[in-house]
Structure formats: structure tokens, C-alpha cells
Amino acid sequence: MGIDCLLVSTNQVEVPYPVYPLGLAHLAGALEGAGHRVVQFDLLAQGGLPVLEQLLADFSPDLIGVSIRNLDTVDSTCPDSFVAGTAATMACLRKLSKAPVVLGGPAFSILPTELLELLQADYGIAGEGEELLLWLARSLEEGTPPAKGLYRASIGETAWPAVTYNQAAADFYLQWGGMLNIQTKRGCPYRCGYCSYPAIEGRQLRFRDPESVAEEVTRVTRELGARYIFFTDSVFNDPQGHYLQVAEALIKAGNTTPWCAYFRPQHLTKEGLTLLKQAGLAAMEVGTDAVTEQTLEALGKGFGFQEVVRTSELASALEIPCAHFVIFGGPEEDERTLAEGLANIETLPESVVFGFTGIRILPETAIYRRAVAEGCITAEQPLQEPVFYFSPKLAQETLDTALREAWAGRFNRIYPCQEMQNRIRRLHERGHTGPMWDFLVRKRGAR
């Protein structure tokens, strides 16, 4: 029989471009596979709270799931918080529905206890939600609701149920760049000092069947009209080489849809990148994060700057646009490393570089522990609102001025990153597809 479920995506971030709420699609697929009826609602894509209110006037769900993707912009130059917007969504749901509300999503999983108390939901699921949400829905259907409170998902083998996309939401995202998202694996084995991925997905990599990934790419292209795919894995090029199997499956399926993914500047070869390009790789976003040996080590990146250069050179040789995301002002940053880093960036051929200053402090990370030890924050300080770590060895004003002066007038050096938003929107309005930063480094006529 099943129950009626409403799944709400609260994310309304559009920088650098709007991102389809993939987590909701996975949850919807799991619930529908178990016989429940699901309505998905995306605040950004489907008209915000006024339209949600209209929906609830005609629909009485038995369970409401609220997905919180972002706490804030994680950008110190425009540190906007989204918690108040989520609170407004909760107030709307409470006013118009008596159904129990369960919170989840990446941002919730970072601060589950604090957000559950702040937003006064009935339940919270920290981590991957498919199994616990099914358990909760089944319990409600059987008339035996569990005790209210926080539940933490145990991270095991991922089941990868069928994914149900929301066509109404997909249409919105497709008009802004033609992109939809797909996941090929979960987990992250690395120990970057700022990163919250292990708290969300665990450290063990769990892989989706490569043939299933290729089928999903074909499906969203044919059925939903996707013209570009972004693989949302924490790192696409895993040490085990699963990503190469995905590429082979895409080639076997005859894929012609271009795609992008997050890369680590390791474990890449000319032969491997050639295979990826044949499979549709159109651009690479590289989690470089720091650009000197001293700052890379302080962030726990586990690779050196020469590996960054080599990755960029490989991409350039194969004419694959490459973007590096670099955080200045992190641990051990000083005037010397700042000058060295700016000089090192100039050795990255034909790349776009996005610059950030300061690191958003999140619990259970090395940066959090360092910030407490250095007296930047106290162990009891709330972290729902954006708080940033800056190296005490370098004044923030010095850092900001140096970046602005060094990159002034440089079309492929982006700081602050908010400046890219209008460029991307204009290109999307002209009908261009993809993440758009790659447009800055593609050869004329290649697009």
C-alpha cells in the first residue's frame, strides 16, 4: 500500500550555477521502489514557498523529508548563511501540515544535533538516508512510529536503487546550462584538513556498477533532455581505477553527452585521460586547494605541487579545459607562501583558477581542531553560521589586496568567485551548455 511522502529540497544556491538536487532523486527512487508514493518539490526550481503552500493546500502527506544541502556559501568574501531560509521552510511546513518532518542532506549531516534542535523537526537522519528513510516510512505505515530524535546511518555497501528525477525541477536546471548530476561512487578515503565528506559518506569508497552509470547517462539524456553531465563524486579518479571502468562503459554505450567531474591531481596518465576524453570528458575541476609545498602539507592534501603541474599539463596537451580551486590563507600561509603560490599558479598552462580566502570551519575536521588550539574559536562555539579560519601569520587585508591586484583584469583568474556568476548566467542565456568556466580556456571555435 505505502504512504504519501513529500520530499523538499531547500537549496537555493545559484553560484557558480544552479545544481540539481540529486540526493532527493535517490531518496525518491528508494521510497517508490518500496511502494510509497512520492512528490518532490524543489524550492529553487519550482517557485519557492508560495508554490509550496499551494501544493500543501491540495496534498496531505504522511511524511515530509527536508533536504539541507548547504549551510552557507563557504566563501568568506560573501559569507551568506542559508539556515534562516531553511527555518522559514520549516515554519511553512508546520503551519500547513501535521505530518512528521525528517531532516537530512549533506549540511544536516555536518551539524545534525544542532540543526535538529534549532529547526524543531521530528526526526533527523545523519548520513545516507535511503535505508533509514525507508524504515521510518514503513514504521509510519504500520502505525508504529519510532521515538522522535536523531538517527545516524550506518555506512555499509550502497544499494544504489533506481533514481527518480523530478521532471519539473530538471526542466529548470536544463535551461541554465543543460546539466544534470549523476553519482558513480560514495565515500572519500583522503584526509584533507577542511573536508566534511567523511562525516557525510564515510572514508570507504563504495562503487556503483559502471554499466548502471552508463545506463543512467543514457536515460537522463534521452528522457530528460540533459545536454551535459556532472559526476558528483567527491573524487572521480579513484586509486582503484573504477573511474576507468565507468569510461569504458560509457564508450561501450556510445555516449556522446559531454561531462565534467571533480579530480584529484594524482593517479592520472595520458592513456587514462585519453580514454576519459573518448568517453565524453569535456572539462576537469581539480581540488588543488593549495599551491605551495608548505601549505599543501598543512592542509593534509597528500600530494605535491609538481603533481598539480603534471595534471594540468596532461589536460592541456589533450585540450581538456582544467580548473583549479585554491584556498589562500589556510594553515601555515604567510607572505612568503602567498607570493610563492601566486607565482606557482602561473606555471599551470591554460587553466582557470578560482581563488578563495579562509577556510569554513566545520566540526570533526583538522581545521576545527587547529582553530580551537590556536584560539580562533572555542570548542563550544556554534558553527551554524559561517566562521572562517585564517592563518595568524598573514593579515586578511594583505591577502585580499594581493589577490585582487595580482589577478586584476585576468579573465581566467577568478577572485572573488562571486564575480563569475554574472558571466556564467550570460553565457547560459546565450544557449551555451556546461559549467561555463571552461568557455574561458577553450580554443576559439572548439565549442
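This is a predicted model: local features need pLDDT of at least 70, side-chain atom pairs count only at pLDDT 80 or more; totals for chains, interfaces and linings use all residues.

Q: Which residues line the second largest cavity?
A: The lining consists of Glu 14, Pro 16, Tyr 17 and Pro 18, together with Trp 176, and then Gln 421, Ile 424, Arg 425 and His 428.

Q: And what volume does the second largest cavity have?
A: Its volume is about 60 Å³, and a search of the whole structure finds four cavities of 30 Å³ or more.

Q: OK, pockets now. How much space lies in the largest pocket?
A: The largest pocket holds about 310 Å³ of space, and 18 residues line it, with Ser 109, Pro 112, Arg 152, Ala 199 and Glu 364 lying nearest its centre.

Q: Which helices supply the lining of the largest pocket?
A: At least two lining residues come from each of helix H4 (106–110), helix H5 (112–119) and helix H8 (197–201), and it is H5 that gives the largest share, three residues.

Q: What is the lining of the largest pocket like by class?
A: It comprises 10 nonpolar, five polar and three charged residues.

Q: Switching to cysteines, how many disulfides does the structure hold?
A: The structure holds zero disulfides. For Cys 92, which is in no disulfide, the nearest cysteine sulfur is that of Cys 5, at 18 Å, and Cys 92 counts as buried because its relative accessibility is 5%.

Q: What about Cys 192, where is its nearest cysteine sulfur?
A: That sulfur belongs to Cys 195 and is 5.9 Å away, and Cys 192 is likewise in no disulfide, since a pair of sulfur atoms would have to be within 2.5 Å to count as one. Cys 192 has a relative accessibility of 14%, so it counts as buried.

Q: Next, the backbone. Which peptide bond is cis around Pro 416?
A: The bond from Tyr 415 to Pro 416 is cis, with omega near -10°, and Pro 416 itself sits in the loop between strand E17 (413–414) and helix H17 (419–429).

Q: And what is the phi of Met 436?
A: Phi of Met 436 is near 85°, a positive value in a residue other than glycine. Met 436 belongs to the segment after H17, and it counts as buried because its relative accessibility is 0%.

Q: Glu 319 is not a glycine either, so what is its phi?
A: Glu 319 has a positive phi of about 55°, and its place is in the loop between helix H13 (305–317) and strand E13 (322–328).

Q: Let me pick a few side chains. Is Ser 67 buried or exposed?
A: Ser 67 is buried, because its relative accessible area is 16%, which is under the 20% cut-off. Ser 67 is found in strand E3 (residues 63–67), and, leaving out residues up to four places away in sequence, it touches Val 8, Ser 9, Thr 10, Leu 24, Gly 104 and Gly 105.

Q: Last one, where is Arg 227?
A: Arg 227 is placed in the loop between helix H9 (210–222) and strand E10 (228–231), and at 39% relative accessibility it counts as partly exposed.

Q: Which residues does Arg 227 touch?
A: Not counting residues up to four places away in sequence, Arg 227 touches Leu 174, Gly 177, Gly 178, Thr 257, Pro 258 and Thr 433. Arg 227 and Thr 256 are 29 residues apart in sequence, with a C-alpha to C-alpha distance of 9.3 Å.

How values were computed. Residues are numbered from 1 along each chain as its sequence is written. Side-chain values use heavy atoms; hydrogens and water are left out. Buried means under 20% relative accessible area, exposed over 50%, partly exposed in between (1.4 Å probe, protein chains only). On a 1 Å grid over the protein atoms alone, a cavity is a set of points where a 1.4 Å probe fits but cannot get out, and a pocket is an open set with protein on both sides within 12 Å along at least five of seven lines; lining residues have an atom within 4 Å of a point. Grid points are joined across faces, edges and corners, and a volume is the space filled by probe spheres set on the points. Helices (H or I, at least four residues) and strands (E, at least two) are DSSP runs, numbered from the N terminus. Contact means heavy atoms within 4.5 Å. Ala, Val, Leu, Ile, Met, Phe, Trp, Tyr, Cys and Pro count as nonpolar, Asp, Glu, Lys and Arg as charged, and the others, Gly among them, as polar.
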